[in-house]
Amino acid sequence: MDKFYVTTPIYYVNDVPHIGHAYTTIAADILARHHRQLGEDVFFLTGTDEHGNPAARAAERRGVTPEQHVDEMVVKFRELAAAVDATNDFFIRTTDSQHVEVVQEFIQKLHDRGDIYLKSYSGLYCGSCEAFYSEKDLVEGKCPDHGIELELVEEENYFFRLSDYQDRLLDHFEAHPDFVIPATRQNEARSFITQGLEDISISRAALEWGIPVPWDPGQVVYVWVDALLNYLSGLRYAREEDQTARFWPADFHLMAKDILKFHAVIWPALLMAAGYELPRHLFVHGYLLMGGQKMSKTRGNVLDPFAVMDQYGVDAFRFYCFREVTFGQDGVVSLEGFESRYNSELANDLGNLVSRTVAMVGKYCDSSVPPPPRDGSSFTRSVDKLRETVVTSLGKADITGCLESVWQFVRRLNKHVEQSAPWVLAKEPERREELETVLYELVEGLRICAILLHPFIPATTVEIMRRLGYPPAFEELMIEKARWGRGAPGSPVVAGDPLFPRLD
Ligand code: MSP
């Protein structure tokens, strides 16, 4: 059986989660659900990054210990994963004792192999990025990402010989043109490397809130090294048995562009140093913007995902995020945009189609799905093509492209209703067969939509299947079932409330 391992970044717990965090988690969930539909063995990991400066400072501001702070904050992040209906197989915390062990073991190994050395260092540090910047990176003397003043940090730190990996990294990029997707991000990452890599500091002396360096407990491991290792450590202890051999290398690490360099340069070099295979793909998406700026805790322009989901429902929220903004690019989100798509696409295109179809089968066929036409259907080939498009596009994490192709099919079904006008056919008894064909096609088309849309709007599609008369079994939702004519004639349709009540 094929395997599929997908991850989200582990989120900082210096503040409550916002829509940006929900976004990446939903994307990973869409891929995880799709690969389960393909019959693969899936591992989906998300979690929280709990060490380092921002968390320690947030705790200080609140007058609690870092331990208390992270224990409280993690609750919200776990709730968010559950609220967006994420099917993560594990939720990792970098304060888990087993994670700490893996980090210490990993850097001890690098130290033993001579990849780590001690050096005095001074540099400009952004406490929010947890990264050093050189003068040339600054924007008006400030952090290019957070727009805040940097501190001059002078310490004796342990350094990782990143510069030794420059050629091997470039070779890897050369040999794997789709290592980083989209291609523009691959080029960006490559150019970080060709500009020349300097060794990086992988410990901090002045911080206490972190994982002690095993051979020098006066220092803690740099939070980014600690955090990146979650992708390996999670496999080690999520289940009773170590899952590394089963799932490593990761198939997709998802993230936004802010943390590309850590994932495309530092992480692969660390893995090479320790003798691990590299992840197959990094998918780098854009920012959800509010009022033209990246949503961020530091800027304070955040949208509360819990409030949005409370008001409009989880599936509507999942749908909107990937329909409105092309996955991989930046895009503006707003409540107005949300409401307009909700009404036109979820309430009208999909919800209404389900209600009408079920109502017509109820009225004209005694709620039992009519038999398929005897001489095949024009839908057979287009559904085969659509299914292949879905598999190919999600194979590249092209979530928005996939959704668009399924939506074209939803629209085609709506046109079919209008053009064939079953209510007219129903008045002419000699056209009974035509009527039954159309109703069969609508039910069959909706069944296929439900399968193909399942990763995006899971609860709604399960409900659509129920209304079309299918038992609540995952086998019904496997991709293999998205073939024209696999539906069961005679299945009993069930009416219900609108799936997406219109918003006024
Ligand atoms: N803790 C690090 C990641 C370590 S991974 C080994 C971190 N945490 S974070 O809380 O800042 O989360 C960053 C990630 O959250 C982004 O890479 C992205 O996946 C998601 N997003 C945060 N804000 C976002 C937007 N405004 N838009 C899209 N994604 C956003 O970095």
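Guide: A term is needed before we start: a residue counts as buried when its relative accessible area is under 20%, as exposed when that area is over 50%, and as partly exposed in between. Please also keep in mind that this is a predicted model.

Visitor: Is Ser367 buried, exposed or partly exposed?
Guide: Ser367 lies in the loop between α13 and α14, and its phi is positive, about 60 degrees, although Ser367 is not a glycine. Its relative accessible area is 29%. Because values between 20% and 50% belong to the middle class, Ser367 is partly exposed.

Visitor: Which class of exposure does Asp366 belong to?
Guide: Asp366 is also found in the loop between α13 and α14, and although it is not a glycine, it has a positive phi of about 55 degrees. Most residues other than glycine have a negative phi. The relative accessible area of Asp366 is 69%, and since exposed means over 50%, Asp366 is exposed.

Visitor: Which residue has a side chain joined by a polar contact to the side chain of Asp349?
Guide: Asp349 is found in helix α13, which covers residues 335–365. With a relative accessibility of 15%, Asp349 counts as buried. A polar contact of 3.0 Å joins its side chain to that of Trp407.

Visitor: With which side chain does the side chain of Ser203 make a polar contact?
Guide: Ser203 is found in strand β9, residues 203–204, and is buried, with a relative accessible area of 0%. A polar atom of its side chain lies 2.9 Å from the backbone nitrogen of Tyr158. The side chain of Ser203 also makes a polar contact, at 2.5 Å, with the side chain of Gln219.

Visitor: What is the omega of the peptide bond from Trp248 to Pro249?
Guide: Pro249 has its place in the loop between α9 (244–247) and β12, and because its relative accessible area is 2%, Pro249 counts as buried. Most peptide bonds are trans. The bond from Trp248 to Pro249, however, is cis, with omega near 5 degrees.

Visitor: Which residue is joined to Pro182 by a cis peptide bond?
Guide: Pro182 lies in the loop between β7 (180–181) and α6 (183–194). The cis peptide bond has an omega of about -5 degrees, and the residue that it joins to Pro182 is Ile181.

Visitor: How much of the accessible area of the ligand does the protein cover?
Guide: There are 27 residues around the ligand, and Ile10, Tyr12, Thr24, Asp49 and Leu288 come nearest. A polar side-chain atom of His21 lies 3.4 Å from an oxygen atom of the ligand. Of the 670 Å² of accessible area that the ligand has on its own, the protein covers 96%.

Visitor: How many residues of the shell around the ligand are charged?
Guide: The elements that give two or more residues to this shell are β1 (3–12), α1 (19–37), α7 (223–228), α8 (230–237) and β12 (252–256). By class, the shell has 15 nonpolar residues and eight polar ones, and the number of charged residues is four.

Visitor: Which element gives the most residues to the lining of the largest cavity?
Guide: The largest cavity holds about 50 Å³ of space, and its lining is made up of Tyr11, Thr25, Thr46, Gly47, Phe77, Leu80, Ala81 and Phe91. By class, that lining has five nonpolar, three polar and no charged residues. At least two lining residues come from each of β2 (41–49) and α3 (66–83), and the element that gives the most, with three residues, is α3.

Visitor: Which element supplies the largest share of the lining of the second largest pocket?
Guide: About 170 Å³ of space lies in the second largest pocket, and the elements that give two or more residues to its lining are α14 (379–395) and α15 (399–420). The lining includes Ser382, Lys385, Phe409 and Arg412, and its residues divide into three nonpolar, four polar and two charged. The largest share, five residues, comes from α14.

Key
Residues numbered from 1 in each chain as written. Predicted model: local features only at pLDDT ≥ 70, side-chain atom pairs only at ≥ 80, totals over all residues. Heavy atoms only, no water. 1 Å grid on protein atoms, 1.4 Å probe; cavity = no way out; pocket = protein on both sides within 12 Å on 5 of 7 lines; lining within 4 Å. Points joined across faces, edges and corners; volume = space filled by probe spheres on them. Helix = DSSP H or I, 4+ residues; strand = E, 2+ residues; numbered from the N terminus. Nonpolar A, V, L, I, M, F, W, Y, C, P; charged D, E, K, R; others polar. Near = heavy atom within 4 Å. Polar contact = N/O pair within 3.5 Å; in protein donor to acceptor, adjacent residues only side chain to side chain. Areas by Shrake-Rupley, 256 points an atom, 1.4 Å probe, with all protein chains shown as cover. Buried < 20%, exposed > 50% of the residue type's maximum accessible area, 1.4 Å probe, protein only.
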